[in-house]
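Subject: The structure I promised you

Hello,

My notes follow below it, so please have it in view as you read.

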Amino acid sequence: MSQFRSLAGVLRGSGLWMLGRNGPGRPVFNPRRGCSSRVAQLSPSALSSSYVEEMYYAWLEDPKNVHESWDAYFRNAQASSSVGEAEERRPSMLLQGRAMSQTPAMSQKVVEDHLAVHNLIRAYQIRGHHVAQLDPLGILTADIDSFVPSDLITTIDKLGFYGLDESDLDKTFQLPSTTFIGGQETTLPLREIIHRLETSYCGHIGVEFMFINNVEQCQWIRQKFETPGIMKFTDREKRTLLARLVRSTRFEDFLARKWSSEKRFGLEGCEVLIPALKMIIDRSSAAGIESVIMGMPHRGRLNVLANVVRKDLDQIFCQFDPKLEAADEGSGDVKYHLGMYHERINRETDKNITLSLMANPSHLEAVDPVVQGKTKAEQFYRGDTEGKKVMSILMHGDAAFAGQGVVYETFHLSELPSYTTLGTIHVVVNNQIGFTTDPRMARSSPYPTDVARVVNAPIFHVNADDPEAVMYVCRVAAEWRSTFNKDVVIDLVCYRRFGHNEMDEPMFTQPLMHKQIRKQEHVLKKYADKLISEGVVTLQEFEEEVAKYDKICEEAYTASKDEKILHIRHWLDSPWPNFFTVEGEPKCMSYPPTGLTDEVLKHIGEAASSVPLQDFSIHSGVSRILRGRADMLSKRTVDWALGEYMAFGSLLKDGIHVRLSGQDVERGTFSHRHHVLHDQEVDKRFCVPLNHLWPDQAPYTVCNSSLSEYGVLGFELGFAMASPNALVCWEAQFGDFHNTAQCIIDQFISSGQAKWVRNNGIVLLLPHGMEGMGPEHSSARPERFLQMSKDDPDRYPEFTGDFEVQQLYDCNWIVVNCSTPANYFHVLRRQILLPFRKPLIIFTPKSLLRLPEARSSFDEMTTGTKFRRIIPDEGPSSKNPGKVKRVIFCTGKVYYELAKERKQLKLEDTVAIVRLEQISPFPFDLIKAEVELYANAELVWCQEEHKNMGYYDYVRPRFLTVLSNKKPVWYVGRDPAAAPATGNKFTHLAELKRFMDTAFHLNAFEGRSF
Ligand SMILES: Cc1ncc(C[n+]2csc(CCOP(=O)(O)OP(=O)(O)O)c2C)c(N)n1
Ligand SMILES: [Mg+2]
């Protein structure tokens, strides 16, 4: 007895059959058992003999009573029986019960054989890929296990698994509706069934899709891979493919010849990547796509730039010239990281298409969410809500795709309403190695692509040495995307002809693999031979194609020698037409005032304190908050949330799209924001008052993100790249969680402009403050951001022109810690009114959100007011600065603790407190004015963070530069520590008291040298 049959026996006994009845004596199938329209078909669950009998009687009554598949096999059973028996099995006889003892048994055998065959078909659909010939080298298995499923007929004896044997091979079987191997046929002999399944699932393509829980999608894929003869190419298509392979191969050959000792991370062993991408783009263009945004790692990048994006070859070649000086400021980047943007006509479709390849750092896969964010933004700004115009393609290395967590984070954005790009095509260059590490040491799952299964993306594994098979899966992938708007993965199983880079010796670590690779014929040669033998091209035509491309390369090489200077600017992946001058400079070096009229403030405030929809019932707690806002309005004051409302609302009014994304941002982690109101009576009814301000306002997007920082911050950074006319904010749940997105901060936000001359105005909102909440949830790690700020601590700048704007222009990012809602409001507005874009890091408060002292008056926000880089002391000490003994400089929340303590100690005449609101770039000019104002006073920097953290290491040398090193700035704050904050509330308060005491102990530093 086969496993299948014993399993069936067990099931039969368990009474799992859900046969239903529809009227007396009329058997039907319970619809719960299947979701296909042909519900009453043969299925594994239809094994009960009594069930078969019932079906049989129904069929005898009228063949139309049963599904056509039952009809077919009852007929089949009759036809295949001997002549002698036929008489006995005439329906009339059967009805009389004479053959009852034989027929059900016979029928059951037929049913079981059919079901066995159906299971066999299903086995190929599920597991056929395990035995597909995916590895061009034929020495490794593309999946790391050498697993041969026991239910695939790899040897004839395996028919026994199904209770079948060789004698069954020529019997004809009814095909289920879940296969397309029959083409027009509904029945096939078993031999042919197996042959066709092998052709569909075990050749050079391995299809992984049966985990998808959507019948329509599975049927679609089956139809694409099972229909006989579906993988056909015209001669013209074959010639195009050959020409593209020529370009791909000869480009690498050319670089290797000219710069044999340069790293270029060539594509050798996966040359088919270029025609593959071109096929995806052609098909997508045909389906209406106008813009393709791509992200990719090092391998083959120059080739993609040259032959897919069509960067001028001379521009690529001159990157190899070590003598060329860079024209642009900043560090620039190595040639295999640069991006590119190009509008062109797609030759296959004659339609315009824009291709951009995003610049990226070495950090593998980090660019994935960035590409997705930019794609989403382009879709958003074009109103492409269905993803019909803009799409993304992400390329991956096998090791990185399997190993990097950000891949998973990116996949998890793919179906979320505010983050979906409506289908990404992933292409894995699976050369079966990562640097020097074999797959079996680098991943725990069989394929490098298993991560895609979490979002039900189909995975097409394909042998990269079969260019037509590759083209076919690319074609299907593009059609899949345009049909279902879901992700899909193409796993190009290939090899790496050389070492990790061209200087590496691969024989050190993979000797046998590379012995095989040396023997491996180049794919171009193999494919050219094939087409020549088919008579599609002649040898002469092929050689002419090669010569033509070699000549193009030579001419470009000659032209590249005329280049005198390197322009990174020419490699911009996200140009912002009209925002800068044609030379790429800001149009001015000033910005308009950020204050607003009372009328506008009031209008926005009213929206913030009301519900814009009729019959909308909100929670009583939210109602109280809205009433509180109305009350503040009547007093012309704002708290933090209202200040933010005013900033966002006023930008929306001016046509600036505002997007706020992050974990729980809609309500706000601290329940202060409430940008989305939820109807308490109607499920999923909600409204966003900020979208009800003015009829012609820009849209506001506020979206709770998945619980990811790396993926989501990367996504928002990408979103912010698409347009300068958007305020894109990412808020961390607590500031310290940003460190799981450190790579986005280090590699893109801090250094992106220096490497790729590209502005980005993303805003990071990082809740920060020592409030006794323990080592986490306290510090947003200001020291990390300040340490990466590039303003020189030791150089005293010249205060020429608009110094504030010039400083902002020169810096790599802006770091602020606002102590008032008004200043927060201004800095958000300044971010957009500046004539250029810089990332803005804002340490945002927690307890200040509700602190009555931390409210601002409209007077600080109306016309004529602006962001204050420092807030000087405006109390008694500033009236009589000569009397002041100590000036405490600080930033953020600690100001309120200091001011309270000073008041209690009645030291308002003697101690001045100055707030540094913009920490970086350091406001040298304003600090200078303050230290001059209090020329006789002792200077103190006070922070609530530990000494080795916070701001001290950043501000100290800058203060000393202002003071020409003639006077100290004493430190007051917590002692150095390893953890950012104590977990013990008592210790927290004791620390606070200790440093508050020092701050106001006017002799604390007496006699100390500095
Ligand atoms: C995040 C990250 N970790 C480590 C590296 C160093 N590194 C560069 S290439 C490479 C191997 C990549 O293998 P794979 O993804 O298979 O791409 P291949 O080079 O084989 O095309 C490694 C480990 C890196 N660039 N990025
Ligand atoms: Mg690899």
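Let me begin with the ligand. Sorted by class, the residues in the shell around ligand 1 are eight polar, five nonpolar and two charged. That shell comes to 15 residues, and the closest are His298, Arg299, Ser362, Asp398 and Ala399. Helix α14, residues 398–403, contributes the most to the shell, with three residues. Please keep in mind throughout that this is a predicted model.

Which backbone atoms come close to polar atoms of the ligand? A polar backbone atom of Ser362 is 2.9 Å from a nitrogen atom of ligand 1. Leu364 has a backbone N or O atom 3.2 Å from a nitrogen atom of ligand 1. For Ala399, a backbone N or O atom lies 2.9 Å from an oxygen atom of the ligand. On its own, ligand 1 has 580 Å² of accessible area, and the protein covers 75% of that.

Now for the chain as a whole. It has 34 helices and 30 strands, and its C-alpha atoms fill a box of roughly 125 × 75 × 50 Å along the principal axes. There are 1010 residues, of which 60% count as buried. Among contacts with a separation of 6 or more, 80% are between residues 24 or more positions apart.

Helix α24 runs over residues 710–722, and its 13 residues reach 19 Å from the first C-alpha to the last, close to the 18 Å expected. Of those 13 residues, 12 are buried, including Tyr710, Phe715, Glu716, Phe719 and Met721. Three glycines are also on the buried list: Gly711, Gly714 and Gly718. The cover over α24 includes three helices, α13 (367–382), α15 (405–411) and α25 (742–750), along with the strands β16 (657–662), β20 (726–731) and β21 (763–767).

Helix α25 is largely enclosed by the rest of the structure, because eight of its nine residues are buried. Among them are Cys743, Ile744, Ile745, Phe748 and Ile749, together with Gln742 and Gln747. The buried residues of α25 pack against α24, and also against α13, β21, α26 (752–756) and α27 (782–787). Both α13 and β21 therefore turn up again here, since they are also part of what covers α24, and α25 itself is largely enclosed.

Next, two residues in strands. Tyr971 sits in β30, residues 969–974. Is Tyr971 buried or exposed? At a relative accessible area of 12%, Tyr971 is under the 20% limit and therefore counts as buried. Its side chain reaches the backbone oxygen of Arg974 at 2.6 Å and the backbone nitrogen of Lys947 at 3.1 Å. Beyond its neighbours within four places in sequence, Tyr971 is in contact with Trp941, Gln943, Glu945, His946, Lys947, Tyr952 and Phe1005. For a sense of scale, Tyr971 and Trp220 are 751 residues apart in sequence, and their C-alpha atoms are 69 Å apart in space.

Ser856 belongs to β24, residues 856–857. With a relative accessible area of 1%, Ser856 is buried. The side chain of Ser856 reaches the backbone nitrogen of Ala822 at 2.9 Å. Leaving out residues up to four places away in sequence, Ser856 touches Arg636, Thr637, Val638, Thr820, Pro821 and Ala822.

Finally, some backbone geometry to check in the loops:

- A cis peptide bond joins Ser920 and Pro921, with omega at about -5 degrees. Pro921 lies in the loop between β28 (918–920) and α32 (924–933).
- Asn485 has a positive phi, near 50 degrees, and is not a glycine. Its loop runs between α17 (467–484) and β13 (488–493), and Asn485 is buried at a relative accessible area of 17%.
- His777 also has a positive phi, near 70 degrees. The loop that holds His777 lies between β21 and α27, and at 28% relative accessibility His777 counts as partly exposed.

Do write back with any thoughts.

Best wishes

Note on methods
Residues numbered from 1 in each chain as written. Chains lettered and ligands numbered in written order. Heavy atoms only, no water. Helix = DSSP H or I, 4+ residues; strand = E, 2+ residues; numbered from the N terminus. Expected span 1.5 Å × (residues − 1). Buried < 20%, exposed > 50% of the residue type's maximum accessible area, 1.4 Å probe, protein only. Contact = heavy atoms within 4.5 Å. Near = heavy atom within 4 Å. Polar contact = N/O pair within 3.5 Å; in protein donor to acceptor, adjacent residues only side chain to side chain. Areas by Shrake-Rupley, 256 points an atom, 1.4 Å probe, with all protein chains shown as cover. Nonpolar A, V, L, I, M, F, W, Y, C, P; charged D, E, K, R; others polar.
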